[in-house]
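Here is a short briefing to read with the model open beside you.

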Amino acid sequence: MEWTGLNELREKFLSFFESKGHIRLESFPLIPKDDNSLLLINSGMAPMKKFFTGEVQPPRNRVTTCQKCIRTPDIERVGITARHGTFFEMLGNFSFGDYFKKEATAWAWEFFTEVLEMPKEKLYVSIYENDDEAFEIWTKQVGVEPSHIVRLGKEDNFWEHGSGPCGPCSEIYFDRGEEKGCGKPDCAVGCDCDRFVEVWNLVFSQFNNDGQGNYTDLAQKNIDTGMGLERLACVMQGVDNLFLVDTVANIMKHVSEIVGVSYGNDDKSDISLRVITDHIRSTTFMIADGVMPSNEGRGYVLRRLLRRAARHGRILGYKEPFLYKVCDTVIKENATAYPELVEKKEYITKLIKVEEENFAKTIDQGLNLLQSIIDDKSIKMLSGEDAFKLNDTFGFPIDLTKEILAEKGITVDLDTFQKLLQEQKRRSRDARKNAGADAWLSDSVDLSDMESTAFVGYDEYSCDSKILAIIKNGERVDTAYEGDKVIIVVDKTPFYAESGGQVSDTGTFKAGNCTIDVDEVKKDHNKVFMHICCVSTGTISVGDTVLSEIDFILRNNTMRNHTAAHLLQSALREVLGSHVQQAGSFVCPEYMRFDFTHFSAMTDKEIKEVEFIVNEKIMESIPVTCVEMPIEEAKKLGATALFGEKYGNVVRVVTAGDFSREFCGGTHVTNTANLGLFKIKQEGSVAAGVRRIEAVTGLGLLNYLVTLESDVKNASEVLHLNNYKELVKGAEKVSNELKEKQREIETLKQELAQSKISSIVADAEEIDGIKVVSQIMKDTSADMLRSICQQITEKYEDSVVVIGSKIGEKLTFCTACSKNAIAKGLKAGNIVKEVAILTGGNGGGKPDIAMAGGKDTSKADLAISSVKSIIENMLK
């Protein structure tokens with residue numbers, strides 16, 4: 001058994017199973033496709049569920065993959081132990097109704113003993129306790145010594161998840177030697193010690209569980225195997241954990257070089273190095289597959305991993321952004337298997353750097369908030385709300401909050417924190433619920449007997465169609481009558497079904513005196529088109545032939561906007577840089593919306609430059625072609641793929657000269673000149689690192705200009721201008737007048753504040769040499785409160801001022817402390833927080849001046865009357 005690198009092991013496995021008639025599929029993206037049950041792909045089998053269920057036909061009945069996976073349930077354990085990691089690669093070979101136990105076991109043994117040359121005496125096999133068939137195959141056909149076969153119970157060696165396909169499994173273990181064991185006489189396969197390592201799991205899916213514990217044989221038996229690539233590498237490289245595997249160790253070495261801390265010298269710093277190494281692997285792959293940082297769903301997972309890694313950088317004493325630098329090594333170590341990492345290198349590193357820079361700002365704010373809590377000697381437990389605020393608003397992991405506060409003897413209300421966190425997770429789960437056709441239809445009607453609908457709408461705008469199915473109120477019916485709202489399935493259609501960000505066509509079905517309005521079209525995973533309709537006149541029945549006709553004007557408008565989206569992406573990359581990637585789109589007849597990756601607002605100059613380039617390409621009258629071709633050929637031509645999308649072997653490529661070439665299944669004009677003109681209406685932020693442009697073309701642009709002209713004329717009339725060309729000068733004049741009025745108002749406010757100060761101070765009380773001023777005022781702005789408080793503390797050297805103001809249902813408090821008051825231990829932030837809490841509010845700030853908001857205005861007087869006792873307690 002020779003030392004073998006991780007990348008070589010991956011290739012040996014895939015090549016071996018190719019030699020056994022398997023088709024090698026590229027790793028599926030980490031973002032699940034058509035699977036609402038997962039946020040991220042977490043196993044080799046997960047993206048192929050529909051191959052196993054028969055919903056989708058696999059490209060071949062024998063498949064092999066190396067699937068990138070993310071698992072985060074034990075994220076808190078990552079780093080603390082060397083066993084846990086969030087990112088891993090899963091090797092697998094799969095049979096969909098083809099071979100079964102005999103071949104699966106024989107090939108697994110051949111790969112281990114002949115290809116990798118593992119010593120047979122080091123290998124052990126576990127089987128399900130009642131699986132005599134597997135025992136016979138392993139011992140008599142494969143040739144494994146019976147003494148190396150272990151029978152285990154259902155918990156260990158039977159794979160099932162509720163009702164549905166299930167079956168026994170066999171696991172292959174590697175014996176690392178007695179020195180790695182626990183020393184117990186009965187140490188064997190199944191022991192919790194580190195001696196026997198489970199390397200490969202072979203699942204024999206042969207039964208169907210009805211959910212009541214009754215098992216029947218499956219008509220089609222399947223094989224699903226899984227072997228962690230990193231775990232296999234540990235065995236082949238003779239190392240104890242994944243962080244010592246060659247490619248992972250190289251990543252950690254880069255981290256160590258940057259932060260100046262070596263691995264293996266200190267347990268605490270080792271934890272941080274492992275966290276950083278694991279998390280930068282995960283985040284690099286997630287971003288490459290199109291995951292964007294956000295506060296929910298998979299974006300929240302990404303942000304959490306990045307921030308946890310960045311925080312551990314600080315624990316190691318390194319405060320500058322550095323994770324983006326480590327990306328270079330992650331990409332280099334994985335470039336051969338995942339070339340998309342190289343293609344998106346600039347984008348990945350820039351996004352991570354921006355996230356690091358943003359977190360650097362919030363973590364300092366969080367530390368300041370924690371420090372104010374620590375300084376308040378009266379607080380013995382941090383509220384769950386504040387802990388969640390630190391976590392949610394400032395990105396502060398709860399374990400860091402607990403650690404810092406524990407050093408000062410302060411606990412955290414974890415129950416409330418967990419409750420709020422669970423509410424957030426529930427919102428995250430809700431976010432992944434699909435509102436598409438499958439989700440809407442799956443529970444109401446079965447269309448599994450329908451063939452895929454033939455779409456002729458690229459070239460034809462009308463055709464004769466045969467009615468194959470009518471669905472009304474969730475049930476299939478034979479006939480639909482005037483006024484019925486139904487879903488209609490036909491054999492072929494010119495109607496484009498909503499997909500790829502493009503809305504569906506609308507139009508009509510007609511047959512004799514029957515007219516049916518088609519309002520929307522969706523398609524399921526089998527590409528059955530579902531026309532959502534209303535029968536306007538007459539009746540229609542299954543088997544009838546209808547004339548299907550789309551709204552040609554709306555289709556043309558949509559095509560203009562879709563082609564404009566392609567031109568826009570190319571122009572953005574030309575102006576802003578190659579890091580620009582499509583992050584989403586919406587194309588309809590009225591306008592187009594394009595989301596793209598970029599990390600700052602576009603300047604007016606950049607917007608104008610992009611507009612000019614797109615319009616220049618429109619004026620050049622460039623032919624637009626749509627051609628289907630093998631995906632590898634399309635990639636060689638430089639066609640742009642949608643970020644994180646998984647494509648088949650044949651793709652449709654839309655090309656506009658040498659300027660734009662993209663994978664796309666949408667509808668497009670035949671020449672850029674058909675767009676007329678292009679205008680960006682607005683540009684703004686959607687999420688961190690994602691911008692959005694809304695633009696119009698053709699008739700949409702004409703409508704935009706008509707509306708704009710009308711608004712300009714109306715504004716001119718409001719300003720009493722004779723000519724709309726004088727609008728700018730007129731607006732400047734009104735603006736200057738308003739500024740002058742505002743200055744006069746501020747002057748009057750200051751005079752009013754001065755006049756109130758004497759009467760306010762007259763009611764002051766003295767506590768331990770400190771003049772305490774407290775009062776409630778009506779209809780006083782926050783700026784006015786701040787001004788009054790500052791003027792009093794500037795005039796009186798030993799003073800504390802607490803003033804509240806009620807404006808309608810809004811309650812605001814301001815507190816100021818003079819320098820002498822601060823020297824005695826009084827801090828404005830602490831005082832105003834205590835006052836606000838009495839009204840159900842909260843707040844804080846600096847020692848010299850601070851603001852807070854209240855909720856219950858009826859308790860304002862009570863809060864102000866408590867100022868004296870609050871200050872007395874703080875002076876004790």
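Phe13 and Phe111 are both buried, where buried means under 20% relative accessible area, exposed means over 50% and partly exposed lies in between (1.4 Å probe, protein chains only). This is a predicted model, in which local features need pLDDT of at least 70 and side-chain atom pairs count only at pLDDT 80 or more, while totals for chains, interfaces and linings use all residues. Residues are numbered from 1 along each chain as its sequence is written, and side-chain values use heavy atoms, with hydrogens and water left out.

**Aromatic rings**

- The structure holds 31 aromatic pairs; rings of Phe, Tyr and Trp (its six-membered ring) pair if their centres lie within 6.5 Å, and planes under 30 degrees apart count as stacked, over 60 as edge-to-face and the rest as tilted.
- Phe13 and Phe111 make an edge-to-face pair, with 5.5 Å from centre to centre and 90° between the planes.
- That pair links distant parts of the chain, since Phe13 belongs to helix 1 (residues 6–18) and Phe111 to helix 3 (residues 101–115), 98 residues apart. Helices (H or I, at least four residues) and strands (E, at least two) are DSSP runs, numbered from the N terminus.
- Tyr318 and Phe322 are edge-to-face because their ring centres lie 5.5 Å apart and their planes meet at 80°.
- Tyr318 is partly exposed at 21% relative accessible area, whereas Phe322 is buried at 1%.
- A cluster is formed by ring pairs that link Phe13, Phe16, Phe17, Phe111, Phe112 and Trp200.

**Charges over rings**

- The charged end of Arg151 sits over the ring of Phe135, 5.1 Å from the ring centre; a charge sits over a ring if NZ of Lys or CZ of Arg is within 6 Å of the ring centre and within 35 degrees of the ring normal.
- Arg652 lies over the face of Tyr458, at 3.6 Å from the ring centre.

**Strand 13 and its partners**

- Strand 13 (residues 462–472) runs antiparallel to strand 22 (residues 545–550), and 5 bridges join them; two strands pair if DSSP finds at least two bridges between them.
- In strand 22, Leu547 stands opposite Asp464.
- Strand 13 also pairs with strand 16 (residues 485–490) in the antiparallel sense, over 4 bridges, and Ile487 in strand 16 is the bridge partner of Ile471.
- With strand 14 (residues 475–477), strand 13 pairs in the antiparallel sense over 3 bridges, and Val477 in strand 14 stands opposite Ile470.
- The hairpin of strand 13 and strand 14 has 2 residues between the strands, and Asn473 takes a positive phi near 55° there.

**A nonpolar surface patch**

- Ile553, Leu699, Leu702 and Val706 form a nonpolar patch on the surface, with about 380 Å² of accessible area together (Shrake-Rupley method, 1.4 Å probe; for residues, only the protein chains shown count as cover).
- Patches are made of residues with over 30% relative accessible area and no salt bridge, joining like charges within 9 Å and nonpolar side chains (Val, Leu, Ile, Met, Phe, Trp, Tyr) within 5 Å; a salt bridge is a side-chain nitrogen of Lys or Arg within 4 Å of a carboxyl oxygen of Asp or Glu.
- Helix 20 (residues 698–718) gives the largest share of the nonpolar patch, 3 residues.
- Val706 is found in helix 20 and is partly exposed, at 49% relative accessible area.

**A loop residue**

- Asn42 is found in the loop between strand 1 (23–24) and helix 2 (49–53), and counts as partly exposed at 25% relative accessibility.
- The C-alpha atoms of Asn42 and Asp246 are separated by 23 Å, with the two residues 204 residues apart along the chain.
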